[in-house]
Amino acid sequence: MAEIGNGIVYGAETLALELTLNGREVCADVTPDQNLLTVLRGALQTTGPKCGCGIGECGACTVIVDGQAVKSCTILAAQCQGSDILTVEGLAGLAAADVAAAAAAVRTKGGMADAAGDAQAQADAGLTAGFVGETGQATGGASGDPSDVHTGEMMGKLRRSLPLHPLQQAFIDCNAVQCGYCTAGFLMVAYAYTQGHESPGREEIREAISGNLCRCTGYVQIIDAIESYVKQKSAGFPEIFAKIEAEEKAAAEAAAKAAAGSTGGHAEPGGEADGGGSGGSGAGATDPPDGGIEEVTLTDADSEAPEAKGGAA
Ligand code: FES
Ligand code: FES
């Protein structure tokens, strides 16, 4: 047996592979000849990456290894000793942080614009919506601290509002998914690419995904989806913040109505409610937790493309 570096020992039956997978430290016993895709789908039970060709041609197996999109059928698992790996299963978990980061970046730019007397630019971009809910008062572009969007309260709101990553949502909105077998690979290559490219055009996007194949969509919708995501990201995802604000407003109005009804009910002789509904009179009626936004539980089914019949084992 001989160790040739990076923990790879030729002649050994198995290797104890340790890496970070979607933010969790995991380990698995692998043989030196197993590729990463096999280990992900087998020992690590992470079946988002698909096996389309097994020889580096289709991109269905694409994952992100230490920030780089990699076709996982083309590298040995042992080469990933100590690596940080992101698969489609981990994408939704990054949604809140990514949206907050994009909003903070835009807010910084917006603040500069505001300082120059262009406050309307932020209002038009819908940025104010996100920050009013955060602090209870409008912050105004130039005076606000971009790090505000990373506070626990706002991150909690974003997590509850984003069962999917905005990139995944863009694929849905643009009908960029048919059978779905290629989708995890496209999502990962697009995510890696857009992390490093702020505002690519359609031709650049087309080039970026040229290593991935789709038998169903004809690529136009996939490019549409990535382009749409890039535009939303560079605007700081104003629609997401506007949606959160609208939901909080609706919840507050409903709670106020319920509280008013409840108060009326207690005033009635006999202690019976008088049609105030089931809103109750406790703290939940006037101050619903988290602005009344529904808790959403993520499942693998949210992020994983459907398995194709007869596809990867
Ligand atoms: S399965 Fe890896 S590129 Fe096709
Ligand atoms: S192969 Fe791309 S959606 Fe079917």
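My notes below go from ground rules to the sheet, then to single residues.

**Ground rules.** I am working with a predicted model, where local features need pLDDT of at least 70 and side-chain atom pairs count only at pLDDT 80 or more, while totals for chains, interfaces and linings use all residues. Residues are numbered from 1 along each chain as its sequence is written, chains are lettered from A and ligands numbered from 1 in the order in which they are written, and side-chain values use heavy atoms, leaving out hydrogens and water.

**Entry 1: the sheet.** I began with how strands are named: helices (H or I, at least four residues) and strands (E, at least two) are DSSP runs, numbered from the N terminus. Two strands pair if DSSP finds at least two bridges between them. In what order do the strands of the open sheet lie? I found five strands in the order β4-β3-β7-β5-β6, with mixed pairing. The edge strands are β4 (24-30) and β6, since each of them pairs on one side only. From one strand to the next, the twist averages 40° (axes are lines fitted to C-alpha atoms, for helices over the stretch in contact, and angles run from 0 to 180 degrees between N-to-C directions). A reminder to myself: strands of a sheet pair through backbone hydrogen bonds, either parallel or antiparallel.

**Entry 2: two hairpins.** I looked at β3 (residues 15-21) next, which runs antiparallel to β4 and is joined to β4 by seven bridges. Thr 20 stands opposite Glu 25 in β4. Two residues lie between the strands of this hairpin, and Asn 22 has a positive phi near 50°. Then I turned to β5 (residues 62-65) and β6 (residues 68-71), an antiparallel pair with four bridges. Here Val 63 faces Val 70, and Thr 62 faces Lys 71. This hairpin has two residues between its strands, and Asp 66 in the turn takes a positive phi of about 50°.

**Entry 3: a helix across the strands.** I followed helix α7 (residues 183-196), which lies across β5, β6 and β7 (84-86) and runs at about 35° to β5.

**Entry 4: Lys 71.** I came back to Lys 71, which is found in strand β6. Beyond four places away in sequence, Lys 71 touches residues including Glu 57, Cys 61 and Gly 211 (contact means heavy atoms within 4.5 Å). Glu 57 is 14 residues from Lys 71 in sequence, and their C-alpha atoms are 8.8 Å apart. The Lys 71 side chain has a polar atom 3.1 Å from the backbone oxygen of Gly 56, and the side chain also reaches the backbone oxygen of Gly 211 at 3.1 Å.

**Entry 5: aromatic pairs.** How many aromatic pairs does the structure hold? I counted two (rings of Phe, Tyr and Trp, using its six-membered ring, pair if their centres lie within 6.5 Å; planes under 30 degrees apart count as stacked, over 60 as edge-to-face and the rest as tilted). Tyr 229 and Phe 237 make a tilted pair, 6.1 Å centre to centre with 45° between the planes. Tyr 229 is buried at a relative accessible area of 1%, and Phe 237 is buried at 2%.

**Entry 6: cysteines.** I also checked for disulfides (pairs of cysteine sulfur atoms within 2.5 Å) and the count is zero. Cys 179 is partly exposed at 38% relative accessible area, whereas Cys 214 is buried at 9%.

Terms used. Buried means under 20% relative accessible area, exposed over 50%, partly exposed in between (1.4 Å probe, protein chains only). A polar contact is a pair of N or O atoms within 3.5 Å; within protein, one must be able to donate a hydrogen and the other to accept it, and residues adjacent in sequence count only if both atoms are side-chain atoms.
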